Amino acid sequence: MGAALVAVADDGELIARYQTGDERAAAELVQRHTAPLARFLAIQGAPDEELDDLVQDAFFKAFRGLASFRGGSTFRTWLLAIGANLLKDRRRQWKKRVVVELTADVPDRSGDPAAEAEAGWTAERLSDEIGKLARLQREVFLLRAQQGLDYGEIAQGLGISEGSARVHFHHAVKRLKERIR
Amino acid sequence: MNALPNELPDELPEDMARALRALDAGATRRAGRVDADAVASRVLARLREEAEPASLPRVLPGRWAWVSAPGWMRVTAAAAMIVVVAGSVVLGVFRSGGDRAVAVSVPVAAVGLDSLDAKQLESLLRVTADVRPVATTVELASRSWDELSESQLRAVLQAVQQVQGETL
């Protein structure tokens with residue numbers, strides 16, 4: 001019965017339970033948000049061998065800092081923002097190391113080699129250009145376009161206004177459009 | 001997953017949306033290799049590990065905290081206490097015009113107990129015991145370095161320097 005309740009509990013309830021010492025609630029939060037967090041970090045070029053550690057560190061930091069989580073944003077947005085900060089810090093350490101090449105899974109385009117090549121090329125260019133965006137532009141772009149969050153959530157998670165989130169997204173798309181042509 | 005490839009925002013141009021879907025598919029495949037169960041157990045273990053030492057002093061008040069402290073910490077604290085007491089004693093001796101030879105031998109403890117051999121330690125303890133009657137006028141229990149005045153600290157320092165000069 002307890003397990004069934006945990007399965008339907010929202011993040012806020014799980015956080016409250018964890019804060020009273022229920023570790024199963026924390027484990028459930030990790031189960032729930034590991035994949036989106038790992039996906040968010042992976043698309044930004046986190047190396048495979050670091051992905052696991054990054055995810056773990058982001059959760060650790062999130063749970064340790066739960067007292068400062070005011071619930072203005074969702075737990076996921078907050079967690080993704082923590083992950084993005086960790087990634088930024090780690091990038092400095094990785095600067096002298098070989099950065100993993102992001103591989104795009106280009107869908108089969110009816111066996112048209114030219115179309116496949118073009119799609120692959122565009123995806124590679126997009127990956128490069130996403131990496132070159134200013135940090136806030138990149139995060140807003142990915143939170144919106146990859147994670148599917150609305151502007152309000154993005155704004156709360158990143159500590160900016162909703163209008164500012166929209167502007168960052170607009171500039172990111174504009175810049176990417178210019179560069180992947 | 002929160003955003004399936006087909007749910008990407010429609011404000012993206014078609015070619016960019018397609019490229020992003022391809023990139024996201026790669027990211028999703030890589031993310032799938034992260035074991036959420038393993039992450040959960042490692043995170044919880046780290047949180048437990050971090051919580052334990054932090055809560056110890058609060059759980060073990062007063063005497064128990066002292067008893068449970070590591071040996072080196074107790075020795076250091078005892079040494080610090082001896083230094084404070086000894087410093088107070090020296091001041092007492094100086095003020096009362098007592099035996100200077102006894103007074104200057106006490107602050108050796110300030111040089112560091114680790115550097116003393118067994119004989120010197122015995123000597124230190126004997127001297128401390130010998131001058132105790134003098135020290136009763138110096139409020140032994142309430143003294144600490146912070147409470148000593150500048151002139152008192154200077155007197156202790158001079159005594160230490162003198163001892164060091166004699167032993168070299």
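Residues are numbered from 1 along each chain as its sequence is written, and chains are lettered from A in the order in which they are written. Because the model is predicted, local features need pLDDT of at least 70 and side-chain atom pairs count only at pLDDT 80 or more, while totals for chains, interfaces and linings use all residues.

**Chains**

Helices are DSSP runs of H or I with at least four residues, strands are runs of E with at least two, and both are numbered from the N terminus. A residue is buried if 20 or more other C-beta atoms lie within 10 Å of its own, exposed if 12 or fewer do, and partly exposed in between, with C-beta atoms placed from the backbone. Two residues are in contact if their C-beta atoms, placed in that way, lie within 7 Å.

**Contact between the chains**

Chain A contributes 41 residues to the contact and chain B contributes 33 residues. On the side of chain A, the elements that give two or more residues are α3 (23-43), α4 (48-64), α6 (113-132), α7 (135-145) and α9 (162-179). The most comes from α3(A), with twelve residues. By residue class, this side of chain A holds 24 nonpolar, nine polar and eight charged residues. Here Ala, Val, Leu, Ile, Met, Phe, Trp, Tyr, Cys and Pro count as nonpolar, Asp, Glu, Lys and Arg as charged, and the others, Gly among them, as polar.

**Nonpolar core**

A nonpolar core is a set of buried Ala, Val, Leu, Ile, Met, Phe, Trp, Tyr and Cys residues joined through C-beta atoms within 7 Å. The largest one has 60 residues, of which A:Leu41, A:Val55, A:Phe59, A:Leu126 and B:Ala19 touch the most other members. Its largest share, eleven residues, is provided by α3(A). Beyond its neighbours within four places in sequence, A:Phe59 is in contact with A:Val30, B:Val39 and B:Val43.

**Surroundings of A:Val140**

A:Val140 lies in helix α7 of chain A. A:Val140 counts as buried because 28 other C-beta atoms lie within 10 Å. Not counting residues up to four places away in sequence, A:Val140 touches A:Ile154, A:Leu158, A:Ala165, A:His168, A:Phe169 and A:Ala172. A:Tyr151 is eleven residues from A:Val140 in sequence, and their C-alpha atoms are 8.5 Å apart.
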